[in-house]
Amino acid sequence: MKARQKRLVFVGLAIVGVGAASALALSALNSNISYFFSPSQVIASEAPAEHVFRLGGLVTPGTVARQEDGLTVKFDVTDNAETVTVAYTGILPDLFSEGQGVVTKGRLGADGVFYAEEVLAKHDEQYMPPEVADTLKTAHVSGVIESVGTAGTGGASN
């Protein structure tokens with residue numbers, strides 16, 4: 001084998017090695033990605049059915065219910081437009097409370113309940129996760145537009 005052929009084989013092997021390493025790295029990153037979805041997006045079936053994703057919004061007041069085992073908690077998360085029931089087994093963060101912002105990470109069950117693996121709560125009175133704040137603003141704007149549209153058609157005329 002000539003020197004030129006040896007170099008071409010070496011370059012070819014290097015390209016195959018770099019390609020394989022890149023494919024493995026992308027595969028590992030893809031399995032660790034969890035996208036954020038609002039309750040409205042989950043109800044509209046925009047969330048992936050078989051993958052872990054994050055669900056965020058406000059904990060609906062009066063919906064936190066502990067099960068008999070003492071560790072399982074069910075509560076509703078809303079974006080002021082739609083509501084999704086969340087089931088979580090574990091210890092909730094100290095700052096978790098009704099009416100406050102929360103981000104949960106888990107999977108959507110076939111029964112429509114979001115089974116959370118992790119629950120994150122706000123860290124002080126002023127903080128809200130950016131994704132939750134954007135979702136609530138969007139839901140509020142669409143709610144205002146809908147209420148203006150229905151108010152204009154249902155009023156009495158003189």
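# Chatting through a predicted fold

Visitor: Where's the place of S45?
Guide: S45 is in the loop between α2 and β2. Those labels are for helices (H or I, at least four residues) and strands (E, at least two), taken from DSSP runs and numbered from the N terminus.

Visitor: And what am I looking at overall?
Guide: This is a predicted model, where local features need pLDDT of at least 70, side-chain atom pairs count only at pLDDT 80 or more, and totals for chains, interfaces and linings use all residues. Residues are numbered from 1 along each chain as its sequence is written, and side-chain values use heavy atoms, with hydrogens and water left out.

Visitor: Okay, back to S45. Buried or exposed?
Guide: S45 is exposed, at 63% relative accessible area. The cut-offs are under 20% for buried and over 50% for exposed, with partly exposed in between (1.4 Å probe, protein chains only).

Visitor: What about the phi of S45?
Guide: Phi of S45 is near 60°, which is a positive value in a residue other than glycine. N80 also has a positive phi, near 70°, and isn't glycine either. You'll find N80 in the loop between β4 (72–78) and β5, and N80 is exposed, with a relative accessible area of 53%.

Visitor: How many helices and strands does the chain have?
Guide: Three helices and seven strands. Starting at the N terminus, the order is α-β-α-β-β-β-β-β-β-α.

Visitor: What share of the residues is buried?
Guide: Of the 158 residues in the chain, 28% are buried. As for surface, the chain exposes about 10500 Å², and carbon and sulfur atoms supply 58% of that. Accessible areas come from the Shrake-Rupley method with a 1.4 Å probe, and for residues only the protein chains shown count as cover.

Visitor: Switching topic: how many aromatic pairs are there?
Guide: Rings of Phe, Tyr and Trp (its six-membered ring) pair if their centres lie within 6.5 Å; planes under 30 degrees apart count as stacked, over 60 as edge-to-face and the rest as tilted. By this rule there are three aromatic pairs.

Visitor: Take F37 and F53. Why is that pair edge-to-face?
Guide: The ring centres of F37 and F53 are 5.4 Å apart and the planes sit at 90°, so the pair counts as edge-to-face. F37 is in strand β1 (residues 36–37) and F53 is in strand β2 (residues 53–59), so the pair ties together parts that are 16 residues apart in sequence.

Visitor: Are those two buried or exposed?
Guide: F37 is buried at 12% relative accessible area, and F53 is buried at 0%. Ring pairs also link F37, F53 and F114 into a cluster.

Visitor: What does T104 have contacts with?
Guide: Contact means heavy atoms within 4.5 Å. Leaving out neighbours within four places in sequence, T104 is in contact with F53, R54, L55, F75, V86, F114, A116, E118 and V119. T104 is in strand β6 (residues 101–108), and T104 counts as buried at 0% relative accessibility.

Visitor: And T85, which residues does that one touch?
Guide: Not counting residues up to four places away in sequence, T85 touches F75, D76, G112, V113 and F114. T85 is in strand β5 and is partly exposed, at 29% relative accessible area. T85 and P39 are 46 residues apart in sequence and 9.3 Å apart in space, C-alpha to C-alpha.

Visitor: What share of the chain's contacts joins residues at least 24 apart?
Guide: Among contacts between residues at least 6 apart in sequence, 50% join residues at least 24 apart.

Visitor: Last topic, pockets. Which residues line the second largest pocket?
Guide: On a 1 Å grid over the protein atoms alone, a pocket is an open set of points where a 1.4 Å probe fits, with protein on both sides within 12 Å along at least five of seven lines; lining residues have an atom within 4 Å of a point. For the second largest pocket, the lining is V42, I43, S45, A47, P48, A49, T83, V84, L108 and G112. Both α2 (39–43) and β5 (83–89) supply at least two residues of that lining.

Visitor: So what's the story with V42? Where does V42 lie?
Guide: V42 lies in helix α2 and counts as buried at 7% relative accessibility.
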